[in-house]
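Here is a short briefing to read with the model open beside you. It goes through a few side chains and how they pack, topic by topic.

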Amino acid sequence: MGSSMPLSLLPEGKIGRVCGINAGKKLSRRLFEMGFAPDVPVQVQRGNCGALVVLVNGMKYALGRGMAFKIMVRDSQENE
Amino acid sequence: MPDIFKSKNSGKKLRVALTGNPNVGKTSLFNALTGSRQHVGNWPGVTVEKKTGTLKHEGFEIEVIDLPGTYSLTAYSPDEIVARDYIIEEKPDVVIQVLDATNLERNLYLTTQLLELGAQVLIALNMTDLAEERGDSIDIQKMEEFLEVPVVKTVAREEKGIPALLDAVLRTAGKEHVHKIGYGNALESKIGEIMTLLSEDTGLKAAYPLRWLSVKLLEGDENAFGKIKGRPVESKVRKLLDSEDMAFFEAEMADQRYETISCLTALISKKPERVLEPSDLIDRVLTSKKLGIPIFLALMWGAFDVTFTFGTPFMNIIDSFFGWLSGVVSTNVSNPWLSSFLGDGIIGGVGSVILFLPNILLLFLMLSILEDSGYLARAAFVMDRLMYSIGLQGKASIPMLMGFGCTVPAIMATRTLESPRDRLLTILVTPFMSCGARMPVYVVLAGTFFGESAGSVIFAIYILGIMVAIFSAKLLGSTVLKGEVSPFIMELPPYRLPSPKTSLLHMWENGSMYLKKAGTIILAGVVLVWLAASLPVGVEYGSESSLIGSLGHFLEPLVAPLGFDWKVAVALVFGFVAKEVVIGSLGVLYGAGEDESAIMAGMQADPALDPVIAFGLMVFTLLYVPCVATVGVIKKETGSWKWTLFSAAYGTTLAWIFAFLIYQGSRILGWT
C-alpha cells in the first residue's frame with residue numbers, strides 16, 4: 001500500500017483508491033453521493049492543467065484543482 | 001399516502017413527478033412525455049426552474065412535474081430541497097425516477113432515499129440501449145423484486161418505452177407501499193425511539209412520513225430539524241440526540257445505504273470490464289492540453305458563423321415583411337396620428353426587435369446542440385484554467401457564452417454555480433458579453449462610418465467586451481467580491497448525438513425569453529418613445545421642440561465630453577428599453593424611421609457625427625447599463641437592489657470613461 005496523497009497529485013493514467021475527504025460535512029456527503037466513497041478506485045484521465053478529468057464508478061467528472069486537493073487517495077496496486 | 005380516490009385529484013387526473021440524477025435523460029423523457037404542452041416557471045421563493053406539462057393516457061389526464069435533477073435528497077442545494085419538499089408536501093400520485101442504466105450504482109442512492117420518503121416510486125430505466133451496447137446486462141425482474149417497485153425500460157431520446165411507462169403509472173398510482181432499508185439493530189432502535197417521540201405530535205404525523213423524518217433527524221439534517229422547530233417535541237428529540245455521537249450515526253447510515261446498493265447492483269447487473277469507450281477517445285482530443293482551447297475557439301467561431309450565415313436570409317424576410325406591413329398601414333390608415341403610432345411606433349419598434357430573433361434562436365440552437373452532445377461540459381473543463389486565473393471557475397464560462405445571444409437567459413443560467421460569490425461575480429460580468437440586440441447598433445454605425453473595415457471594427461467591439469468582462473472579474477473579484485474560487489465539480493456525460501426535438505425545445509426555452517421581452521417591455525418602451533417624439537401636439541415628429549428634444553438638450557451636457565449631441569443622448573436613454581432601440585431612436589430623430597439606408601445617409605450628413613464619435617457610441621452601447629429586461633432579471637436572480645444598482649452604475653461609469661478616453665484621446669492626438 002502506498003502512502004496517501006491528494007487526488008490532484010496522482011499522475012495522469014494512474015489509479016488511486018479514495019481514503020478520505022478533507023471537507024465540510026455537506027461537501028463530503030456530496031462527493032460521497034457522486035461516488036467518491038472509501039476504497040473506490042479513481043483514475044485520473046487528465047490532469048496537470050488546472051482541472052482534472054477523473055473516472056469513478058464508470059462516471060466521468062471534471063474536478064477543479066481545489067476540489068481535487070480535498071480528496072485523499074492511496075496509490076493502488078492496480079497500476080502496472 | 002396518495003390515493004387517487006381520496007385525494008383532490010379524484011376523477012381522472014393524476015400528478016406525476018419526474019426525478020433523477022443530472023444527465024440521465026430526464027429532460028428527454030419529460031419532452032417525450034409532454035411534447036410541446038409545457039409550462040416553464042419558477043418554484044416559489046427560489047430561483048429554481050419549474051417545468052410542468054400535461055398529457056392524456058387511457059382517459060386519464062396526467063400532469064407531469066419535472067423536479068430539479070439531484071444526486072440525492074439531502075439539503076445540500078435549493079434544488080434538492082425543492083425536489084424533496086415537493087414529494088413530501090404535495091404528495092404526487094407517482095414519482096418516476098429516471099435511472100441511467102449505464103450507472104446503476106450512483107443512481108440507486110437516490111432511489112433508496114425516495115423509497116424512504118414513502119413516495120410511490122416507478123423506475124424508468126433509461127439509456128438501456130447504451131448499457132446493452134457496451135455489454136451490461138440488467139436483470140429487471142430481480143430489480144423489481146428487490147426494490148418492490150415497478151421498473152420499465154426506456155430510451156427517452158428515441159421515445160421508446162413511453163406507453164409501457166404510462167401503463168405502469170396507472171398501475172402504481174393509488175397503491176400504498178412503504179419500503180424500508182434496514183439499518184441494523186443499533187440504528188433501528190434509535191430510529192424507533194425518535195419515531196415514538198415524534199408520533200406524540202399529531203400535526204407532524206399527518207404532514208410527514210415519520211420514519212423518514214426520524215432517519216433524517218438521526219443523520220443531523222438541518223432541514224429536517226427545521227420541520228420540527230418550535231414544536232413541543234423539538235426539545236425532547238434534541239435531548240435524545242445530544243447524548244449520542246451524531247457523526248458516528250451519519251457515517252454508519254451512509255455505509256448501510258451503500259451496502260444495500262452494492263448488494264443490489266451485484267445481484268442484478270453484470271458489467272464487463274470497462275474498456276476505453278469512444279467517449280474517452282474523443283475526450284483525449286477535445287480536452288487535451290494543446291488542442292483543448294483551439295478546438296473550443298474553433299467550435300465557437302463555427303457556431304457564430306452558422307448563426308450569421310443562416311440568420312441573414314431570415315432577417316431579410318422579416319425585414320421585408322415589416323416594411324410591407326408599415327406600407328399597408330401608411331396607405332390605409334388615414335388618421336395621421338394613428339398611422340404614425342402604428343407605423344413609426346409599434347411596427348417600427350417591435351419589428352426592430354423581432355428582426356434579430358432568427359440570429360438569437362440560431363445561436364441558442366448551436367449552444368443547445370453543443371450542450372446536449374455533452375461538449376459544453378468539456379468546454380467548462382477546458383476553460384477552467386483560464387477562468388480560474390480571472391477569479392472564476394470553469395462553469396461560469398457557459399452563461400458567459402450564452403451572453404452573446406441574450407443576456408436574460410444567460411443570467412438565469414448562472415444558477416448552475418453553487419457558490420453565491422461566483423454566481424454574483426458571473427452575473428456582474430455577463431452583460432459585457434455583447435448580446436445579439438447590440439449587433440444592429442454596430443452594424444448601422446460601422447456600416448456608415450467605417451465602410452470596408454466595418455467587419456473588423458465590429459469584431460474589435462466584441463473583443464473589447466470580453467476584455468472588459470475579464471478585467472471586471474479580476475477587479476471585482478479582488479475588491480468587493482473578495483473570496484476563494486469555489487471548488488468545482490461537474491459531471492462529464494458521455495458524448496451523445498443530440499436529439500433534434502430536445503435541442504429545439506431547449507433553444508425555444510432560452511429564445512422565448514427574448515420574444516417575451518419584445519411583446520411586453522419593448523412594446524411599452526416604443527409607445528413611450530413615440531409619445532415623447534410626438535408631444536406636445538402639433539410638433540414635428542422627433543424634432544428638437546418635441547418632448548424628446550427637450551430631454552436630449554437637458555442631458556446633452558452629461559454626454560458632451562464624449563462628443564455626443566442631444567440626439568445621441570436621447571437614443572441612449574431609450575436604449576435602456578432595449579439596446580436595439582438606440583438605432584430605432586436615431587432613425588426617428590433623423591426622420592428616417594426604420595429604413596437603414598436613410599438612417600445612414602442622415603448620420604453621414606450630420607456634422608455632429610464622425611468615425612471617432614461613432615466608435616465611441618458603439619463602445620458606450622456595449623458597456624452602459626444593460627436593457628431593462630436584463631436589469632429586471634439581475635434583480636430577480638440576485639434578490640438585491642444594491643447589486644442591481646451596482647451593476648447598472650458600474651457599466652455606465654465604465655462606458656462613460658471609455659467613450660471619454662476615445663473622444664478626448666483622439667482630439668489630443670489631432671485625429672478629429
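Is B:F321 buried, partly exposed or exposed? B:F321 counts as partly exposed, because its relative accessibility is 42%. Please keep in mind that this is a predicted model. The points below start with aromatic rings, then turn to the cores and to one asparagine.

**Aromatic pairs**
- Over all chains, the structure holds 15 aromatic pairs.
- One of them joins B:F321 and B:F322: the ring centres are 5.3 Å apart and the planes stand at 75 degrees, so this pair is edge-to-face.
- B:F322 has a relative accessible area of 18% and is therefore buried, while B:F321 is partly exposed.
- B:W656 and B:F660 make a stacked pair, because their planes are at 10 degrees, with the ring centres 5.1 Å apart.
- These two residues sit in helix α31 (residues 641-668) of chain B; being four residues apart there, B:W656 and B:F660 are separated by about one helical turn.
- B:W656 counts as partly exposed at 31% relative accessibility, and B:F660 is also partly exposed, with a relative accessible area of 28%.
- A single aromatic cluster is formed by B:F304, B:F404, B:Y442 and B:Y462.

**Charges over rings**
- B:R378 lies over the face of B:Y495, at 4.1 Å from the ring centre.
- B:K12 is placed over the face of B:F60, at 5.8 Å from the ring centre.

- In soluble globular proteins, nonpolar side chains tend to be buried together.
- Here the largest nonpolar core has 116 residues, and B:F564 and B:M603 are those with the most contacts inside it.
- Another core, of 82 residues, lies apart from that one; among its residues are A:L7, A:A37, A:Y61 and B:F249.

**A buried asparagine**
- B:N107 belongs to helix α3 (residues 104-116) of chain B.
- Its relative accessibility is 0%, so B:N107 counts as buried.
- A polar atom of the B:N107 side chain lies 3.0 Å from the backbone nitrogen of B:D100.
- Leaving out residues up to four places away in sequence, B:N107 touches B:N21, B:V24, B:Q97, B:V98, B:L99 and B:D100.

Definitions and conventions
Residues numbered from 1 in each chain as written. Chains lettered and ligands numbered in written order. Predicted model: local features only at pLDDT ≥ 70, side-chain atom pairs only at ≥ 80, totals over all residues. Heavy atoms only, no water. Buried < 20%, exposed > 50% of the residue type's maximum accessible area, 1.4 Å probe, protein only. Polar contact = N/O pair within 3.5 Å; in protein donor to acceptor, adjacent residues only side chain to side chain. Contact = heavy atoms within 4.5 Å. Core = buried A, V, L, I, M, F, W, Y, C linked by side-chain atoms within 4.5 Å. Phe/Tyr/Trp six-rings, centres within 6.5 Å; stacked < 30°, edge-to-face > 60°. Lys NZ or Arg CZ within 6 Å of the ring centre and 35° of its normal.
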